[in-house]
Amino acid sequence: MTDTPKPPWKRLSLEAAAIVGSILLAFWIDAGWDQREDAARERIVLETLLSDMQEFQTAREVRDGYLDAIVESGRSLLDIGRGLKPDATDREIDYLLNDTTYTANVVSKGLPIPGLLFEGGGLVTIGSDELRACLADFRFSLNIEMSYSSREIEFVDNVFYPFLDANSSLAQIWGADDGQPGNPSSTEFPLGRESIRHSEVSHRDLIESRQFQNLLIRKILYLENVKGWEVSAYDVDARLSECIGLITSAIDGEQPCTQLTSSAGSRPSKRNSSRQST
């Protein structure tokens with residue numbers, strides 16, 4: 001009777017272990033490569049986001065100076081209308097009135113990438129829950145600010161300008177344009193400047209009227225809301241600074257957002273009858 005040869009269990013076990021090990025090693029290498037690709041993609045997103053948000057922050061600083069200048073002119077007109085500045089000339093009044101014909105829009109410079117992150121699902125690239133939450137708060141605050149900007153522009157186009165059109169000389173007011181408020185070197189709108197050298201119509205009665213003062217106060221309140229609610233949950237500048245800090249920390253490696261193991265003012269332009277800063 002012929003003996004049946006015994007299977008080479010030891011050799012078979014070693015071969016099986018080698019095959020399983022090779023498969024696991026391939027999975028491990030593939031997973032590690034994917035993690036590194038994810039980390040590389042995240043870093044590109046963070047660096048681009050940081051650059052855009054810093055640019056946006058700088059543009060907002062210019063925009064804030066522009067808004068402050070409009071508000072200051074509006075308050076000066078209120079003071080003149082209440083008799084607190086009796087020495088103000090008709091020409092000075094025209095210059096101040098001209099400043100109030102400018103409107104403010106939310107700065108858009110630097111915003112495309114944050115918009116794409118939210119609308120294109122790019123937030124999944126960022127591994128930090130804290131940073132994603134901060135970006136969401138920033139976007140929410142900015143949306144509120146943008147709503148006030150839209151209201152201010154609508155108010156100027158539909159209420160403030162029609163009132164001036166019916167009760168003043170717009171040609172004379174625009175002829176007093178000495179550049180973008182807060183930026184005297186700007187000469188974007190020289191309409192009538194060469195033809196109107198002095199005030200032919202006095203607007204003193206206009207700015208002393210209760211109706212004009214009420215409208216001007218509403219415009220000032222709109223502008224202050226557009227600038228942002230300071231020390232509040234909707235403070236765009238505070239949320240922006242917080243996001244920039246978190247992004248910088250993530251890029252510097254202080255708080256890495258993705259784990260490699262299994263465990264980021266411009267000049268105004270005409271818009272219908274009103275003028276705005278973008």
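Guide: The turns that follow go from the overall fold to particular side-chain contacts. Please note that this is a predicted model.

Visitor: How many helices and strands are in the protein chain?

Guide: The protein chain has eight helices and three strands. Read from the N terminus on, the order of elements is α-α-β-α-α-α-α-α-α-β-β.

Visitor: And what share of the residues counts as buried?

Guide: Of the 278 residues in the protein chain, 40% count as buried. The accessible surface of the chain is about 15,400 Å², and carbon and sulfur atoms account for 54% of that surface.

Visitor: Let us turn to salt bridges. How many does the structure hold?

Guide: The structure holds eleven salt bridges. As a general point, side chains of opposite charge can pair when their charged atoms come close.

Visitor: Which residue forms a salt bridge with R43?

Guide: The partner of R43 is E47, with 3.0 Å between the closest N and O atoms. Both residues belong to helix α1, four residues apart, which is about one turn of the helix. R43 counts as partly exposed because its relative accessibility is 39%, between the limits of 20% and 50%. E47, at 38%, is likewise partly exposed.

Visitor: What about R75, which side chain does it meet in a salt bridge?

Guide: R75 meets E224, at 2.4 Å from N to O. This pair links distant parts of the chain, since R75 is in helix α1 and E224 is in helix α7, 149 residues apart. R75 has a relative accessible area of 43% and is partly exposed; E224, at 32%, is partly exposed too.

Visitor: Which residues are linked in a network of salt bridges?

Guide: The network links R60, R63, D64, E145 and D237.

Visitor: What caps the N-terminal end of α8?

Guide: D235 does, with a side-chain oxygen 3.1 Å from the backbone nitrogen of D237. After α8 comes G253, whose phi is positive, near 85°.

Visitor: Which residues of α8 are buried?

Guide: The buried residues are V236, R239, L240, C243, I244, L246, I247, S249, A250 and I251. R239 is a charged member of that list, and it forms a salt bridge with E242, the closest N and O atoms being 3.4 Å apart. These two residues are three apart in helix α8, so about one helical turn separates them.

Visitor: Are R239 and E242 buried or partly exposed?

Guide: R239 has 17% relative accessibility and therefore counts as buried. E242, with a relative accessible area of 36%, is partly exposed.

Visitor: A change of topic, then. How many aromatic pairs does a search of the whole structure find?

Guide: The search finds seven aromatic pairs. In one of them, Y66 and Y102 have ring centres 6.2 Å apart and planes at 80°, so the pair is edge-to-face. Y66 lies in helix α1 (residues 9-81) and Y102 in strand β1 (residues 102-104), so the pair ties together parts that are 36 residues apart in sequence. Y66 is buried at 1% relative accessibility, and Y102 is buried at 0%.

Visitor: How are the rings of F155 and Y222 arranged?

Guide: The centres of F155 and Y222 are 5.4 Å apart and the planes are at 40°, so the pair is tilted. F155 is in helix α4 (residues 129-167) and Y222 in helix α7 (residues 210-227), distant parts of the chain that are 67 residues apart. F155 is buried, with a relative accessible area of 4%.

Visitor: Which residues do ring pairs link into a cluster?

Guide: The cluster consists of F155, F160, F163, F212 and Y222.

How values were computed:
Residues are numbered from 1 along each chain as its sequence is written. This is a predicted model: local features need pLDDT of at least 70, side-chain atom pairs count only at pLDDT 80 or more; totals for chains, interfaces and linings use all residues. Side-chain values use heavy atoms; hydrogens and water are left out. Buried means under 20% relative accessible area, exposed over 50%, partly exposed in between (1.4 Å probe, protein chains only). A polar contact is a pair of N or O atoms within 3.5 Å; within protein, one must be able to donate a hydrogen and the other to accept it, and residues adjacent in sequence count only if both atoms are side-chain atoms. Rings of Phe, Tyr and Trp (its six-membered ring) pair if their centres lie within 6.5 Å; planes under 30 degrees apart count as stacked, over 60 as edge-to-face and the rest as tilted. Accessible areas come from the Shrake-Rupley method with a 1.4 Å probe; for residues, only the protein chains shown count as cover. A salt bridge is a side-chain nitrogen of Lys or Arg within 4 Å of a carboxyl oxygen of Asp or Glu.
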